[in-house]
Each structure stands twice: as C-alpha cells, then as structure tokens.
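Reader: I'd like to learn how to read a structure like this one. Could you walk me through it, feature by feature?

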Amino acid sequence: MTNPAMVILFQLSEYIRSWRFYSSFNIANEKIRKSVPIEQDPILREDGGNLSSVLHYFLTEYPSLFDELQHHLHFVVPGFKGLTVKARGGPGEVIAFWQEGGVDHDLSLADLSDGILRLICWICLCLHPHPPTLICIDEPDQGVHPRTLPLLAGLFEKASERTQIILATHSSYFLTQFDIAKIAVLRKENGEAKFIKPGQSQVLREMLEDFGGEEIEQLHRSDELERLP
C-alpha cells in the first residue's frame, strides 16, 4: 500500500473485493430468522444472514428507501401492512418485524416463509444506496411467487443503471420480463461454453415482430432460443 507502483493493483483488488455472488439456494434462512448485530453501512451478505441489519440501516439512515421497500411489498404481497426493525437479542442486536392483516401481533422474520425472505433480500439489494460494483445472482426467481417476478425484473433493471448485475435463470416467464437486448445464452459447443446474444439474430427479431415478445418464452421452453443462428 505504500509502494506507488502498486496503487492501481490495490485499487483493482478493492474493486473486486466489493463483488457479491448470491444464489437462491444458498440463502441461509435460519440465520435471517435470528437477531443480528447492527453494522455500519452493511451490504447484504451472500447468505443473506444480516438482512435485519440491512433493514435497520435503511430505516435509520435512508427512511425513503425503507418506505419504497414497503411500497413494493404492499404491491405484491396480499395482506402486508408494514415492516419495522426492533432491538432484540443481545446488546446491539436487532431483528425485523412484519405486520400482516388478520394477525393481531407483529411477526418476526422467524415467522415468514422462505420465499418472502428471499423477496426482501432481492429488493434490498436493488434499493441499496451503495450497491456492490458487481452483483451476480443464480436463480433469483426460485422460491418466490410468480406474481413478484415482473416487480423484481423492473427493480433489477433500475439497479443496473447504478451497478453491474448478472442474473442466471431457467425460468421462461422471468426471461419475458426483460428486453431481448438484455438476454444472453450460454451454449455448450465442442466442450466449451459459448456466450450467445440472441438479440443479434435476424431470425429472432423477425419472429418477435410477427408474434410479440411472448415468443421468447416458447422458444426458451423448446430450447430453440439456444439454437438460433
């Protein structure tokens, strides 16, 4: 760090250090459901275990983002009334609580389904005021209700204006929420993975003009999207 010749290398290592790689299958719901220490400027961990700390950060430092989070939850979760974060557990620890219609007491994150916990994680990532310089998520559509996918796609699109986001999915319906220019296909050729941009296919552009964007879903289900010339 004191060698001027190493400044660029140090800056590069710091840039890469902020990258985050998430998977729906690695979200640690058992950790999310427990109280956690308050952190300064927290970024969601790759297992989501510090979700309550991130929510506390939003609530205390960026209340407008916390309100936006609640607005999105109102839109896609029937019966949702509100979200808050309270001191619980040991000194300096917090956990988020959920208010729901028809339930006369607050529910902690320990009471919520895996799908709701994943949904809150992805929304928090998209809204974070200082997102990682690269966010990769494997199967963000897994375990969440299909009605949430248009909302999530829109939030990922908006967040991509501030950082780099790579999503991997096998969901044909989720793909239809994105413009074809944002979609890439990984195809195996001669034992190697080849990166394909189907939006560059003249055949596909003509098909979309004739049949509409929903044709992407059918092409993906039949594997034709991967074989387009």
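Author: Let's begin with a term we will need throughout: a residue counts as buried under 20% relative accessible area, as exposed over 50%, and as partly exposed in between. Glu14, at 34% relative accessibility, is therefore partly exposed. Please keep in mind that this is a predicted model.

Reader: Thanks. What share of the residues of the protein count as buried?

Author: Of its 229 residues, 43% count as buried. The protein has 10 helices and nine strands, and along its principal axes the C-alpha trace spans about 60 × 60 × 30 Å. The C-alpha atom of Leu73 is separated by 9.3 Å from that of Leu83, 10 residues away along the chain.

Reader: Back to Glu14, then. Which residue does Glu14 form a salt bridge with?

Author: In general, we look for a side-chain nitrogen of Lys or Arg within 4 Å of a carboxyl oxygen of Asp or Glu. Here the partner of Glu14 is Arg17, and the closest N and O atoms are 3.0 Å apart. The two residues are three apart in helix H1 (residues 7–17), so about one helical turn separates them. Arg17 counts as exposed because its relative accessibility is 57%.

Reader: How many salt bridges does the structure hold?

Author: There are eight salt bridges in the structure. Another of them joins Glu68 and Lys158, with the closest N and O atoms 4.0 Å apart. This pair links distant parts of the chain: Glu68 belongs to helix H4 (residues 63–76) and Lys158 to helix H6, 90 residues apart. Glu68 has a relative accessible area of 23%, so Glu68 is partly exposed. One more salt bridge is formed by the side chains of Lys194 and Glu189, at 3.5 Å from N to O. Lys194, with 38% relative accessible area, is partly exposed, and Glu189, at 26%, counts as partly exposed too.

Reader: Now the aromatic rings. How many aromatic pairs are there?

Author: Two rings pair if their centres lie within 6.5 Å, and planes over 60 degrees apart count as edge-to-face. By this rule there are six aromatic pairs. Take Tyr15 and Trp19: their ring centres are 6.2 Å apart and their planes are at 80°, so this pair is edge-to-face. Tyr15 is partly exposed, with 36% relative accessible area, and Trp19, at 27%, counts as partly exposed. Elsewhere, Tyr57, Phe58 and Tyr62 form one aromatic cluster.

Reader: And which residue lies over the face of Phe97?

Author: That is Lys86, at 4.9 Å from the ring centre of Phe97.

Reader: Let's move on to pockets. What is the volume of the largest pocket?

Author: The general idea first: rolling a probe the size of a water molecule over the atoms shows where empty space is left. In this model, the largest pocket has a volume of about 900 Å³. Its lining is made up of 24 residues, and Ile166, Leu167, Ala168, Thr169 and Ala184 lie nearest the centre.

Reader: Which element gives the most to that lining, and how do the residues divide by type?

Author: Strand E7 gives the most to the lining, with four residues. The elements that each supply at least two residues are helix H6 (149–159), strand E7 (164–168), helix H7 (172–175), strand E8 (185–189) and helix H10 (224–227). By type, the lining of the largest pocket divides into 14 nonpolar, four polar and six charged residues.

How values were computed:
Residues are numbered from 1 along each chain as its sequence is written. This is a predicted model: local features need pLDDT of at least 70, side-chain atom pairs count only at pLDDT 80 or more; totals for chains, interfaces and linings use all residues. Side-chain values use heavy atoms; hydrogens and water are left out. Rings of Phe, Tyr and Trp (its six-membered ring) pair if their centres lie within 6.5 Å; planes under 30 degrees apart count as stacked, over 60 as edge-to-face and the rest as tilted. Buried means under 20% relative accessible area, exposed over 50%, partly exposed in between (1.4 Å probe, protein chains only). A charge sits over a ring if NZ of Lys or CZ of Arg is within 6 Å of the ring centre and within 35 degrees of the ring normal. On a 1 Å grid over the protein atoms alone, a cavity is a set of points where a 1.4 Å probe fits but cannot get out, and a pocket is an open set with protein on both sides within 12 Å along at least five of seven lines; lining residues have an atom within 4 Å of a point. Grid points are joined across faces, edges and corners, and a volume is the space filled by probe spheres set on the points. Ala, Val, Leu, Ile, Met, Phe, Trp, Tyr, Cys and Pro count as nonpolar, Asp, Glu, Lys and Arg as charged, and the others, Gly among them, as polar.
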